[in-house]
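Thanks for coming. I have one structure today, and I will go through its side-chain contacts.

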Amino acid sequence: MAASSLAAALLVGAFALLAAPAAAEIRETVIRSDPRSIIPLDAFGFSHSGVLELNVSGIAFDPPASSELDLSQLGFFLSTLDAWVHVLRQLQDLDVTCALQADLVKLAYSFDRLRPPSNPAGVEVARSSSFSTAFRVSEPGQYTLVFANCLGGGLKVSMDVRSAMYNVDPPTGERSYLSAGATALPTIFGFFGVVYAALAAGWIAILLRKRAAVFRIHYFMLAVLVLKAVNLLAEAEDKSYIERTGTAHGWDVLFYIFSFLKGISLFTLIVLIGTGWSFLKPYLADREKKVLMVVIPLQVVANIAQVVIDESGPYARDWVTWKQIFLLVDVICCCAVLFPIVWSIKNLREAARSDGKAAVNLMKLTLFRQYYVVVICYIYFTRVVVYALITITSYRYQWTSDVAKELATLAFYVFTGYKFRPEVHNPYFAIDDEEEEAAAEALKLDDEFEL
């Protein structure tokens, strides 16, 4: 009972991690000799006309099940996070001995149905090793599909599970394999993909019009815009196919490829801008190269972790571990990209005291200080505020967190492009003596530029 309660407590964490809108495409899960008492499989936001289809085959037990085995202690159920908290309390108070017995969960299938009644001659019929069932959900909510093994005693279960969860549109009968809070995502991602494509076209026009002031960093910024646009369009198609058919039809592979390239290129761009590469100096210092040597491999690890998280699902034993790896690596990358900006601010402050160009250095210093603050705000918003929105928003409006994240990202891209755009007539050259003196006085106030 203690082991069962511990597993139930761990499932609360899994339920919380599954709070984000699930793609819930048709998922095939292979379970082999698994002794866990609670195995979360997938999450989905159901409407008033939701359906869960389960096709399970190859059911086997280790040690082999005897005729006295109480198969009613094994089965699949659906539960919301709130319901599971109450069920966990019932288990701890011994009001129930198995989650399948709780009134608050929706029992989808119990394994006692695998053993048909004896025939009229009294001959016992062999237990079936497979079943197919369709369970209708009429109460809307964010549910998690869970397999429960309440027998304990080291009983290991093996089976192949094919699950499909979808909502049915009553007037048309059409199925939607996207969660109730994610049906707007194809349109949202498609819209932002077109916006970034338009920004890329506008950036190309700027580069052609101001060729004399274009540096290599500006071409790199164009590449980042193009990768972001293609990534969003691939994600829109991925979600669109999942919504209509339950499978991505290969669009998920394209999405992962461009998500990988986009992630690496964005962090690299932030580092290069922070160092002033190509527009302030034509080279990278050794410590700046080391930052890139840390960030790029970590981004590779982060993208691998993201693929494992998306494709394996919470039933995988190492799913939580990969989730933690992704969060840790992402935090390290976000912190690492700030160092070059800090170094550039420090170098500009020191140069301002020695080269006699106070006004020019004041402008550069102000620009890099603004960029430092904006990068911190962008990281904080997309990592903390967006997660908070996912946590507190109803499952029906989970798409709002994606909109908030994309708007913040768009604002960051626009700010970066505007502040570091190519300029033919450098305003630094049109500075009079009064401005120079005022800048020199401002630079004396070190506290104003402290980070």
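**Side-chain contacts**

Arg32 is partly exposed, with 47% relative accessible area; buried means under 20%, exposed over 50%, and partly exposed in between, using a 1.4 Å probe and protein chains only. Before going on: this is a predicted model, where local features need pLDDT of at least 70, side-chain atom pairs count only at pLDDT 80 or more, and totals for chains, interfaces and linings use all residues. Residues are numbered from 1 along each chain as its sequence is written, and side-chain values use heavy atoms, with hydrogens and water left out.

Arg32 forms a salt bridge with Asp160, at 2.9 Å from N to O. By salt bridge I mean a side-chain nitrogen of Lys or Arg within 4 Å of a carboxyl oxygen of Asp or Glu. Asp160 is in strand 8 (residues 156-168) and Arg32 in strand 1 (residues 27-34), so this contact ties together parts that are 128 residues apart in sequence. Helices (H or I, at least four residues) and strands (E, at least two) are DSSP runs, numbered from the N terminus. Asp160 is also partly exposed, at 27%.

How many salt bridges does the structure hold? There are twelve. Among them is Glu423 with Lys210, at 4.0 Å from N to O. Glu423 sits in the loop between helix 10 (399-419) and helix 11 (433-444), and Lys210 in the loop between helix 3 (185-209) and helix 4 (216-245), 213 residues apart. Glu423 also bridges to Arg421, at 2.7 Å, and Lys210, Arg421 and Glu423 are linked in a network.

The criterion is NZ of Lys or CZ of Arg within 6 Å of the ring centre and within 35 degrees of the ring normal. Arg244 likewise has its charged end over the ring of Tyr241, at 4.7 Å.

Now the aromatic pairs, of which the structure holds 20. Rings of Phe, Tyr and Trp (its six-membered ring) pair if their centres lie within 6.5 Å; planes under 30 degrees apart are stacked, over 60 edge-to-face, and the rest tilted. Phe111 and Phe147 make a tilted pair, 5.7 Å centre to centre with 45° between the planes. Phe111 is buried at 0% and Phe147 at 1%. Phe255 and Tyr256 are tilted too, at 5.5 Å and 50°, and both are buried.
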